[in-house]
Amino acid sequence: MTIRVNGTTRLAGIIGLPIDHTLSPAMHNAVYEHLGLNWVYVPLPIADETDLYRLLGAIRALPFVGFNVTMPYKQAMLSLCDEVAMLARMAGAVNTVHFEGGRLIGYNTDGRGLLESLTLETGFDLLGKDVVIVGAGGAAGAAFVAFMLGKARRITVVNRKLVRADELVSRMRSHLRITEAATVETESAEAVIASASLIVNATPLGMRDGDVSPIPAEWLNSEQVVVDMIYRPSKTALEIAAEQAGAKAINGLGMLVSQGALAVDIWSESAQIRTPRDVMRAAAERAMIDMHTKEIDF
Ligand code: NAP
């Protein structure tokens with residue numbers, strides 16, 4: 001990949017901590033080159049909210065098209081944008097900011113990214129289905145909004161701390177029309193998980209070596225689709241449990257690619273461009289292999 005930086009290059013990037021292992025620069029820079037966009041995407045590691053505030057001042061003075069936001073700043077970004085799109089407000093988190101006309105406009109592309117990868121990779125249709133989201137943080141909020149807009153019949157938020165699941169559902173309550181919502185503590189979730197058509201893991205449980213599945217294989221069955229938002233390792237304990245139960249399982253790489261592609265769609269402001277997901281996915285997969293090889297070299 002050749003990045004040519006000159007006097008008219010515009011900037012994009014990802015704010016978060018830690019972001020040493022982010023795949024976003026690889027997949028964004030590859031697609032900018034493919035589309036002939038004179039942009040460059042850089043990691044922006046930020047230590048705390050004071051530095052985040054300072055960085056936003058700098059961004060306003062620089063030729064940014066926009067930036068992504070990841071953990072732990074997605075919630076804080078809500079109150080730091082000049083305007084926040086309805087879906088991001090509902091989700092309670094901003095993962096994409098468009099710098100437009102001197103203003104920071106916040107979006108959330110995680111939910112739409114999840115839906116896009118679910119449709120592309122499994123063909124799952126949400127309409128009238130009972131779904132379960134495990135986790136109650138920012139990613140769970142984005143998934144909730146997406147499933148509500150997809151007209152799921154019932155969304156149950158399962159979390160180890162019930163109070164956090166209750167908070168998420170109460171925030172959504174006024175937006176619910178045909179979809180019903182419920183909450184259950186993880187240890188009591190067997191019946192609700194066994195009867196769901198779709199189960200999504202929106203917790204980080206599965207990322208670390210030795211992590212167990214957030215759901216035992218015995219609660220799953222062959223009629224179900226299971227999505228783990230985690231993409232590293234590429235096969236988590238949950239995906240192994242789902243496969244043991246005969247369920248269809250996908251990881252979070254497709255979601256990562258789609259949320260990133262949707263950000264480029266927003267920044268490019270052109271209905272003519274549909275950012276090619278395959279270019280971004282191939283670059284993300286290459287970057288994962290490179291990082292793995294470097295870790296082994298050390
Ligand atoms: P978050 O706001 O910190 O929320 C984390 C949630 O996971 C909370 O509900 C928390 O439960 C639960 N949790 C944390 N550790 C747990 C454990 N050991 N066992 C059981 N539950 C645990 O995080 P987030 O931003 O929503 O992100 C969640 C996951 O989604 C992360 O792994 C992130 O990488 C992934 N994600 C992937 C994509 C993608 O594009 N593929 C996009 C966004 C997020 P309590 O409330 O009980 O503490």
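Into which domains is the protein chain divided?

## Division of the chain

In this predicted model, the protein chain falls into domain 1, made up of residues 10–108 together with 254–296, and domain 2, which covers residues 111–251. Between the C-alpha centres of domain 1 and domain 2 there is a separation of 24 Å, and to the contact domain 1 contributes 22 residues while domain 2 contributes 21 residues.

## Extent of the interface

The size of an interface is often expressed as the accessible area that is lost when the parts come together. For domain 1 and domain 2 the buried area comes to about 1800 Å², and carbon and sulfur atoms supply 60% of that area.

## Salt bridges and polar contacts

Three salt bridges are found across the interface of domain 1 and domain 2. A salt bridge also joins the side chains of Arg-277 and Glu-116, with a distance of 2.8 Å from N to O. Where both residues reach pLDDT 80 or more, four residue pairs are counted in polar contact between domain 1 and domain 2.

## The side of domain 1 that touches domain 2

On the side of domain 1 that touches domain 2, the elements giving two or more residues are α3 (86–91), α9 (253–268) and α10 (277–297). The largest share of this side is provided by α9, which gives seven residues.

By residue class, the side of domain 1 that touches domain 2 consists of twelve nonpolar, seven polar and three charged residues.

Technical notes. Residues numbered from 1 in each chain as written. Predicted model: local features only at pLDDT ≥ 70, side-chain atom pairs only at ≥ 80, totals over all residues. Heavy atoms only, no water. Domains from an automatic or database assignment. Contact = heavy atoms within 4.5 Å. Buried area = accessible area lost by both parts, 1.4 Å probe. Salt bridge = Lys/Arg side-chain N within 4 Å of Asp/Glu carboxyl O. Polar contact = N/O pair within 3.5 Å; in protein donor to acceptor, adjacent residues only side chain to side chain. Helix = DSSP H or I, 4+ residues; strand = E, 2+ residues; numbered from the N terminus. Nonpolar A, V, L, I, M, F, W, Y, C, P; charged D, E, K, R; others polar.
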